[in-house]
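Subject: Structure for your review: disulfides

Dear colleague,

Please find the structure below, together with its sequence.

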Amino acid sequence: MFFSKYLCMVFALLMPCIAFDSSNLKCEVCCRLVEEIQRNVSSVDPTNIVQVSNFRLDGNGDQIKQTVPLARSQLYLTEVMDSVCEKMNDYVRATFKKNGTLTVMPLIIDGKMNPLMSEVDVVQDSDLNKSLQYHCEDIVDDIEEDLINMIKSEDDDDHIVHSICTNVMKLCPKKNNKVEL
């Protein structure tokens, strides 16, 4: 009798930790990662420009130089990649009360409690959500160069989350947009 109560209690404690497929969690982390990077890039004054050059010379022997917005420069984006995963400490796993769908969301937005907090149930983690930072770092390590190149050249910021998390990383499922008649 004591053993069955003990087993039930252990199962109840472990249930929140094993209830989610890790691929869904990685997809959510990837989406939040790209959104954080976009937020960093958009927060930089677009009039801030830097001069970049490479080691090639033109026909006259002069070094080829260009100016690019600071937010889209290799140096700035590399610095963002190095620090962006630390922001995952401000995020939590949660499920929407309506449908039980997993989400990863920030606790605080613009200095105020996230307004979505009333619509979700926060999932208690034994690791205090450290796995969110771990998954983020894993994603950045895998595709840092691709991510930087896409952000540098991306004109349509609305599709970058889908491009990176679905097409490049293949962490999120492709959405079927076909309509049956």
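The notes below take the cysteines pair by pair.

This is a predicted model, in which local features need pLDDT of at least 70 and side-chain atom pairs count only at pLDDT 80 or more, while totals for chains, interfaces and linings use all residues. Residues are numbered from 1 along each chain as its sequence is written, and side-chain values use heavy atoms, with hydrogens and water left out.

A disulfide is a covalent bond between the sulfur atoms of two cysteines. Here the term is applied to a pair of cysteine sulfur atoms within 2.5 Å. Searching the whole structure on that basis gives three disulfides. With the bonded cysteines of the chain numbered in sequence order, they pair as 1-6, 2-5, 3-4.

Cys27 and Cys172 form one of these links, with 2.0 Å between their sulfur atoms. Helices (H or I, at least four residues) and strands (E, at least two) are DSSP runs, numbered from the N terminus. The torsion about the S-S bond is about 105 degrees, so the Cys27 and Cys172 disulfide is right-handed. Cys27 is buried at 11% relative accessibility, and Cys172 is buried with a relative accessible area of 9%. Buried means under 20% relative accessible area, exposed over 50%, and partly exposed in between (1.4 Å probe, protein chains only).

A disulfide also joins Cys30 and Cys165, whose sulfur atoms are 2.1 Å apart. Since Cys30 lies in helix H2 and Cys165 in helix H5, the pair ties together parts that are 135 residues apart in sequence. Its S-S torsion is about -95 degrees, so the disulfide of Cys30 and Cys165 is left-handed. Both Cys30 and Cys165 are buried.

Cys85 and Cys136 are likewise bonded, their sulfur atoms lying 2.1 Å apart. Cys85 is in the loop between helix H3 (74-83) and strand E3 (91-96), and Cys136 is in helix H4 (residues 130-153), so the link ties together parts that are 51 residues apart in sequence. The link of Cys85 and Cys136 is left-handed, with -80 degrees about the S-S bond. Cys85 and Cys136 are both buried.

Cys31 is buried, at 11% relative accessibility.

With kind regards
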